[in-house]
Amino acid sequence: MRDPRALFDLSGKVACVTGASSGLGRQAALTLAAAGARVVGVARRADALETLCDEIGATAARVTADIADRSGIDGLTKDIAAPFGAPDIVIHAAGLNTREAADDVTPKGWDDTLAINLSAPFFLSQALVPAMKEKGWGRIVNFASLQTTRAFPGGIAYGATKGGIGQLTRAMAQAWSPHGITANAIGPGFFPTELTAAVFDDPARAARNAAQTCAGRNGRMDDIEGPILFLCSDASAYVTGQILMVDGGFTAK
């Protein structure tokens, strides 16, 4: 039997985290770095990425890019691999929620949401998978949502992308897991991030959401660390095509 602690050791691995400038993406980057991985953070805000790299140290690098720009994927792939080599792990944490009601959705809002939330995870993964295949080992972690399985007001575009992430994750697993690459998704509940600022700025609304969970509270940033580490390590070698809801039991109640 292997040392259980070794199952979660990411020493020698390279991880790419999109949306690493804030929120759950930032927390994921910190978690992987603490487990021994060299981390490349990708986001549009160079200053926030620089702060992250300063906090992690020499095992972190940053790439400032708009992942929604599909024409730049080849260049982005090269930039991601430049500091430490091709990634073994990719976490797609970047996201957009325009919160437009169905009657008010604009073509631009729809297209921007799909580009960041659904298209970018596929096309960036597609570009990074060949190097994972060569190694016979890879981890892809998408970000699902409560809206992967249920509707929220003002969430028709966002919910459509997150429903798509559920199927994308299963399809990635079918396509790439024979090569040693697992593909899974984390479905966060309500965590205090920039994306959910509108929720937490309303204490009554935040309290209602907390009451809806089995745990009786909203998420804390460190609640994401264990699930991220599990899905990015050898501990989850036989887990693929799954959505792990990290929601305090919101979807169970």
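Mentor: Start with a term. A helix is a DSSP run of H or I with at least four residues, and helices are numbered from the N terminus. Keep in mind that this is a predicted model.

Trainee: Which helix gives the largest share of the lining of the largest pocket?

Mentor: That is α1, with 3 residues. The helix α1 spans residues 23-34.

Trainee: Which elements each supply at least two residues of that lining?

Mentor: They are α1, β2 (38-43) and α5 (156-176).

Trainee: How much space lies in the largest pocket?

Mentor: About 900 Å³. Its lining has 41 residues, and the closest to its centre are A93, G95, L96, T193 and L195. Find those five on the structure to locate the pocket.

Trainee: How do the lining residues of the largest pocket divide by class?

Mentor: There are 20 nonpolar, 14 polar and 7 charged residues.

Trainee: Now the cavity. How many cavities of 30 Å³ or more does the structure hold?

Mentor: A cavity is a space where the probe fits but cannot get out, while a pocket is open. The structure holds 1 cavity of 30 Å³ or more. The space in the largest cavity is about 30 Å³.

Trainee: Which residues line the largest cavity?

Mentor: Look for I67, A68, R70 and I73, then A115, S119, A120 and F123. Helix α4 (residues 107-135) gives the largest share, 4 residues. By class, this lining has 6 nonpolar, 1 polar and 1 charged residues.

Trainee: Next, helix packing. What describes two packed helices?

Mentor: Two values: the angle between their axes and the distance between the axes. Take α1 and α2 (residues 46-56) as a case. Their angle is about 25°, and their axes are 11 Å apart. Angles under 35 degrees count as roughly parallel, so α1 and α2 are roughly parallel to each other. The crossing of α1 past α2 is right-handed.

Trainee: Which residues of α1 and α2 meet?

Mentor: From α1 come R26, A29, L30 and A33; from α2 come T51, L52, E55 and I56. This contact has 5 nonpolar, 1 polar and 2 charged residues.

Trainee: What are the angle and the axis distance for α3 and α4?

Mentor: Helix α3 covers residues 73-81. It packs on α4 at about 55°, with the axes 10 Å apart. That angle makes α3 oblique to α4. The crossing of α3 past α4 is right-handed. Here I73, L76, T77 and I80 of α3 make contact with F123, L124, A127 and L128 of α4. Of these residues, 7 are nonpolar, 1 is polar and none is charged.

Trainee: Which residues make the contact of α4 with α5?

Mentor: On the α4 side, among them are W110, L114, L118, F122 and K133. On the α5 side, the contact includes I156, Y158, I165, L168 and W176. By class, there are 14 nonpolar, 6 polar and 2 charged residues.

Trainee: Let me recap the two helix pairs with α4. With α3, the angle is about 55°. With α5, the angle is about 15°.

Technical notes. Residues are numbered from 1 along each chain as its sequence is written. This is a predicted model: local features need pLDDT of at least 70, side-chain atom pairs count only at pLDDT 80 or more; totals for chains, interfaces and linings use all residues. Side-chain values use heavy atoms; hydrogens and water are left out. On a 1 Å grid over the protein atoms alone, a cavity is a set of points where a 1.4 Å probe fits but cannot get out, and a pocket is an open set with protein on both sides within 12 Å along at least five of seven lines; lining residues have an atom within 4 Å of a point. Grid points are joined across faces, edges and corners, and a volume is the space filled by probe spheres set on the points. Ala, Val, Leu, Ile, Met, Phe, Trp, Tyr, Cys and Pro count as nonpolar, Asp, Glu, Lys and Arg as charged, and the others, Gly among them, as polar. Axes are lines fitted to C-alpha atoms, for helices over the stretch in contact, and angles run from 0 to 180 degrees between N-to-C directions. Angles under 35 degrees count as roughly parallel, over 145 as roughly antiparallel, 65 to 115 as roughly perpendicular and the rest as oblique. A crossing is left-handed if the near helix is turned anticlockwise from the far one by less than a right angle, and right-handed if clockwise. Contact means heavy atoms within 4.5 Å.
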